[in-house]
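Please keep the sequence and the model in view while reading.

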Amino acid sequence: MDEKVLRDLKLAFACDLYETIKAARKHRDESVFRHTMADEDGQMVFASVFPKKEIMEFPDMTEEFVAKLKTFNLLGVVTDGESGLDMFLLGGSNKPFTSLTDTKGVMKCLEDDALVAFLQLYFKAKGVMIDFTVMTHDEFLKAVESEVFKNTSFSQMQEAGDFLKMMEN
């Protein structure tokens, strides 16, 4: 996989997730919070933070999965609410996610392989049929641009452009 594509995906995901982390800080007594990415046509995609002690109560976990857990964990979930779900351990930290002070801190917690698998299902749920794992960075940017133009209003594109300019500085 192109390293620049992976970097862009991680940055976009971390930026999005960081907004949810900042909002979760307002509820100091909550140790579990969710970042919903899609909830369409019966399909739900979300990332959720769980302490290890709560995850240990989940049924049917493998020893390999348990061995990767940290004190606080980010799970990616894709489900249709009926036939089951796909769950990914996207990353973890021994400090609460709400203690992270910027997007780079979020990026450091993420596991590349799990994030890629999760994002592939997310894109599929959103109806975006691109295989970013085999694309060059230029191909990826063109595919993303095409999807943005298909699914984004002009005002949203302006906001996104302003955000990207801010990120460059």
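## Burial and the cysteines

A residue is called buried when its relative accessible area is under 20%. Cys109 has 9% relative accessibility and therefore counts as buried. Cys15, at 14%, is also buried because it falls under that cut-off. The model is a predicted one, and these values are computed from it.

How many disulfides does the protein contain? A disulfide is a covalent bond between the sulfur atoms of two cysteines. Here the count is zero.

## Overall architecture

The protein has seven helices and four strands. Along the sequence they follow the pattern α-β-β-α-α-β-β-α-α-α-α. Of its 169 residues, 38% are buried. Among contacts with a separation of 6 or more, 51% are made by residues 24 or more positions apart.

## The strands

Strand 1 (residues 33–40) pairs with strand 2 in the antiparallel sense, over seven bridges. Within this pairing, Thr36 stands opposite Phe46 of strand 2. The hairpin formed by the two strands has two residues between them, and Asp41 takes a positive phi near 50 degrees there.

Strand 2 is also joined to strand 3 (residues 72–79) by eight bridges, and these strands run antiparallel. Met44 stands opposite Thr79 in strand 3. Strand 2 (residues 43–51) is largely enclosed by the rest of the structure, because eight of its nine residues are buried.

The side chain of His35 makes a polar contact of 3.0 Å with the side chain of Asp16. A polar contact of 2.5 Å links the side chains of His35 and Thr20.

Beyond its neighbours within four places in sequence, His35 is in contact with Asp16, Leu17, Thr20, Val45, Phe46 and Ala47. Phe46, listed among these contacts, is the residue that stands opposite Thr36.

## Helix 5

Helix 5 (residues 112–125) has 14 residues, which at 1.5 Å a residue should span 20 Å; its end C-alpha atoms are 20 Å apart, in agreement with that expectation. Just after this helix, Gly127 takes a positive phi of about 80 degrees.

Which residues of helix 5 are buried? They are Ala114, Leu115, Val116, Phe118, Leu119, Tyr122 and Phe123. An α-helix has 3.6 residues a turn, so residues three or four places apart point the same way. The cover over the buried residues of helix 5 includes helix 1 (3–24), strand 1, strand 2, strand 3 and strand 4 (85–93).

In soluble globular proteins, nonpolar side chains tend to be buried together. The largest nonpolar core in this model has 39 residues, and those with the most contacts inside it are Phe13, Leu74, Leu90, Phe97, Phe118 and Leu119. Two or more residues each come from helix 1, strand 1, strand 2, strand 3, strand 4, helix 4 (103–109), helix 5 and helix 6 (137–151). Helix 1 gives the most to this core, with nine residues.

Not counting residues up to four places away in sequence, Phe13 touches Met37, Ala47, Leu74, Leu90, Leu110, Leu115, Phe118 and Leu119.

Terms used
Residues numbered from 1 in each chain as written. Predicted model: local features only at pLDDT ≥ 70, side-chain atom pairs only at ≥ 80, totals over all residues. Heavy atoms only, no water. Polar contact = N/O pair within 3.5 Å; in protein donor to acceptor, adjacent residues only side chain to side chain. Contact = heavy atoms within 4.5 Å. Buried < 20%, exposed > 50% of the residue type's maximum accessible area, 1.4 Å probe, protein only. Pairing = 2+ DSSP bridges. Disulfide = S-S within 2.5 Å. Expected span 1.5 Å × (residues − 1). Core = buried A, V, L, I, M, F, W, Y, C linked by side-chain atoms within 4.5 Å.
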